[in-house]
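Subject: Handover of a structure

Dear colleague,

Please find the structure below, together with its sequence.

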Amino acid sequence: SKSQIVRVQTAMQDRNTNVSELCKELNITRQTLYRYFSPNGALRKHGERVLSRLSEHTWLDQLKTGCS
């Protein structure tokens, strides 16, 4: 969902964020996180594609499907 994207972006902008813990919370790998978000929280091309395709599946489900 868009709220999940905002959550990740906000967390990535905070230098105190533990990226490993964030990934654990989202149940994704660091590689997947950085495929979709830059270190400063900006969406990368993969993230923009997922955002544009949001429909019946949640954003997180699409992330997990994308790395299978």
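The contact is formed by Arg7, Val8, Ala11 and Met12 of H1 together with Leu22, Glu25 and Leu26 of H2, where contact means heavy atoms within 4.5 Å. These residues divide into five nonpolar, no polar and two charged. In that division Ala, Val, Leu, Ile, Met, Phe, Trp, Tyr, Cys and Pro count as nonpolar, Asp, Glu, Lys and Arg as charged, and the others, Gly among them, as polar.

Please note that this is a predicted model, in which local features need pLDDT of at least 70 and side-chain atom pairs count only at pLDDT 80 or more, while totals for chains, interfaces and linings use all residues. Residues are numbered from 1 along each chain as its sequence is written, and side-chain values use heavy atoms, with hydrogens and water left out.

Geometry of the helix pair

Two packed helices are described by the angle between their axes and the distance between the axes. For H1 (residues 2-13) and H2 (residues 19-26), the axes come within 11 Å and cross at roughly 165°. H1 is therefore roughly antiparallel to H2 (angles under 35 degrees count as roughly parallel, over 145 as roughly antiparallel, 65 to 115 as roughly perpendicular and the rest as oblique). The axes are lines fitted to C-alpha atoms, for helices over the stretch in contact, and angles run from 0 to 180 degrees between N-to-C directions.

Overall composition

The protein has five helices and zero strands, in the order α-α-α-α-α along the sequence. Helices (H or I, at least four residues) and strands (E, at least two) are DSSP runs, numbered from the N terminus. Of the 68 residues, 31% count as buried (buried means under 20% relative accessible area, exposed over 50%, partly exposed in between, with a 1.4 Å probe and protein chains only). Among contacts between residues at least 6 apart in sequence, 49% join residues at least 24 apart.

Individual residues

Ser38 is located in the loop between helix H3 (30-36) and helix H4 (45-53) and is buried, with a relative accessible area of 13%. Its side chain makes a polar contact with the side chain of Asn40 at 2.4 Å. A polar contact is a pair of N or O atoms within 3.5 Å; within protein, one must be able to donate a hydrogen and the other to accept it, and residues adjacent in sequence count only if both atoms are side-chain atoms. Not counting residues up to four places away in sequence, Ser38 touches Met12 and Arg44.

Tyr34 belongs to helix H3 and is partly exposed, at 26% relative accessible area. Leaving aside neighbours within four places in sequence, Tyr34 is in contact with Met12, Val19, Pro39 and Arg44. The C-alpha atoms of Tyr34 and Arg44, ten residues apart along the chain, are separated by 8.3 Å.

Lys2, in helix H1, counts as exposed at 60% relative accessibility. Beyond four places in sequence, Lys2 touches Leu51 and Leu54; the C-alpha atoms of Lys2 and Leu54 are 8.7 Å apart, although 52 residues separate them along the chain.

Most residues other than glycine have a negative phi. Asn27 has a positive phi of about 60° although it is not a glycine. Asn27 sits in the loop between H2 and H3 and is exposed, at 56% relative accessibility.

Yours sincerely
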